[in-house]
Amino acid sequence: MKYRRLTKEQFEELHKEFINFLATQSITADEWENLKVNKPELAETELDVFSDLIWEGVLNKAEYLEHFAPQHMYLFYLKEDKMHAIVVNVKNEEIDITTQEGYDWLRENLMHDSVEFLQADKDYTEDKNADKFSMIEQGAIITKGELYNYFNKLIN
């Protein structure tokens, strides 16, 4: 398995897609039920293959990632050939931007001396989607890029 298996909730959300996936494998509903009971290892393999297909599709479409830590905001634009990062550092440990109060403080004090902006480009490894997935597994979330674009305009 290249990524990780989807959660039960994700499988439930993707129920129709999973049925279509099984159909492309020429597996009927009855055959699927039989597989789960009599060949659970094969059923597990089908779940893993489907999960990887879904992750691959999601990662191919992902353009922006965000990751928040108490004193850092990491905003990534996932370009075709590399990723661009904007990092917002709050150099005051009493401010926690993962809380509403701390985030509000940051919004009102962007030009405060204790707020620092950094930018960098980072090349992908041979497997761009694995790089994106690794960031998601570390807590990043896929977004539409509003924060990235806001800060990009602010500092560039």
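**Stop 1: a helix on a sheet**

Start by selecting α6, which lies across β1, β2, β3 and β5 and runs at about 30° to β1. Before you go on, know that this is a predicted model, in which local features need pLDDT of at least 70, side-chain atom pairs count only at pLDDT 80 or more, and totals for chains, interfaces and linings use all residues. Residues are numbered from 1 along each chain as its sequence is written, and side-chain values use heavy atoms, with hydrogens and water left out.

A word on labels: helices (H or I, at least four residues) and strands (E, at least two) are DSSP runs, numbered from the N terminus. Axes are lines fitted to C-alpha atoms, for helices over the stretch in contact, and angles run from 0 to 180 degrees between N-to-C directions.

Now color residues 128-137, the span of α6. Which residues of α6 are buried? They are Asn 129, Asp 131, Lys 132, Phe 133, Met 135 and Ile 136. (Buried means under 20% relative accessible area, exposed over 50%, partly exposed in between, with a 1.4 Å probe and protein chains only.) These buried residues pack against α4, β1 (64-69), β2 (72-78), β3 (82-90) and β5 (141-143).

Zoom in on Asn 129, which sits in helix α6. Asn 129 counts as buried because its relative accessibility is 5%. Setting aside neighbours within four places in sequence, Asn 129 is in contact (heavy atoms within 4.5 Å) with Tyr 3, Glu 56, Leu 59 and Asn 60. Then step just past the end of α6 to Gly 139, which takes a positive phi of about 120°.

**Stop 2**

Five strands form an open sheet in the order β4-β3-β2-β1-β5, with antiparallel pairing. (Two strands pair if DSSP finds at least two bridges between them.) β4 (115-123) and β5 are at the edges with a single partner strand each, so one side of each has no neighbour in the sheet. Look along the sheet and you can follow the twist, which averages 25° from one strand to the next.

Next, click through the pairs:

- β1 and β2 run antiparallel and are joined by six bridges; a hairpin links β1 to β2 through two residues. Select His 67 and you'll find Tyr 74 of β2 opposite; do likewise with Ala 69 and you'll find His 72.
- β2 and β3 run antiparallel with seven bridges, and their hairpin goes through three residues. Here His 72 stands opposite Asn 89 in β3.
- β1 and β5 run antiparallel with three bridges. Glu 66 has Ile 141 of β5 as its bridge partner.

**Stop 3: where helices meet**

Bring the helices back and select α4 (residues 40-61) with α3 (residues 29-38): their axes come within 5 Å and cross at roughly 120°. That angle is why α3 is oblique to α4. (Angles under 35 degrees count as roughly parallel, over 145 as roughly antiparallel, 65 to 115 as roughly perpendicular and the rest as oblique.) Show the side chains of the contact: Trp 32, Leu 35, Lys 36, Val 37 and Asn 38 from α3, and Pro 40, Leu 42, Ala 43, Glu 46 and Leu 47 from α4.

How do α4 and α6 compare? They pack at an angle of about 95°, with axes 10 Å apart, and are therefore roughly perpendicular to each other. Select Trp 55, Glu 56, Leu 59 and Asn 60 of α4 with Asn 129, Lys 132, Phe 133 and Ile 136 of α6 to see the contact.

**Stop 4: the core**

In soluble globular proteins, nonpolar side chains tend to be buried together. The largest nonpolar core here has 26 residues, of which Phe 18, Trp 32, Phe 50, Trp 55, Leu 65, Phe 76 and Leu 78 touch the most other members. (A nonpolar core is a set of buried Ala, Val, Leu, Ile, Met, Phe, Trp, Tyr and Cys residues joined through side-chain atoms within 4.5 Å.) α2 (15-24), α3, α4, β2, β3 and α6 each supply at least two residues of this core, and the largest share, five residues, comes from α4. Apart from this core lies another, of 15 residues, among them Tyr 64, Val 90, Trp 105 and Phe 151.

Leaving aside neighbours within four places in sequence, the contacts of Leu 65 include Tyr 74, Lys 132, Met 135 and Ile 142.
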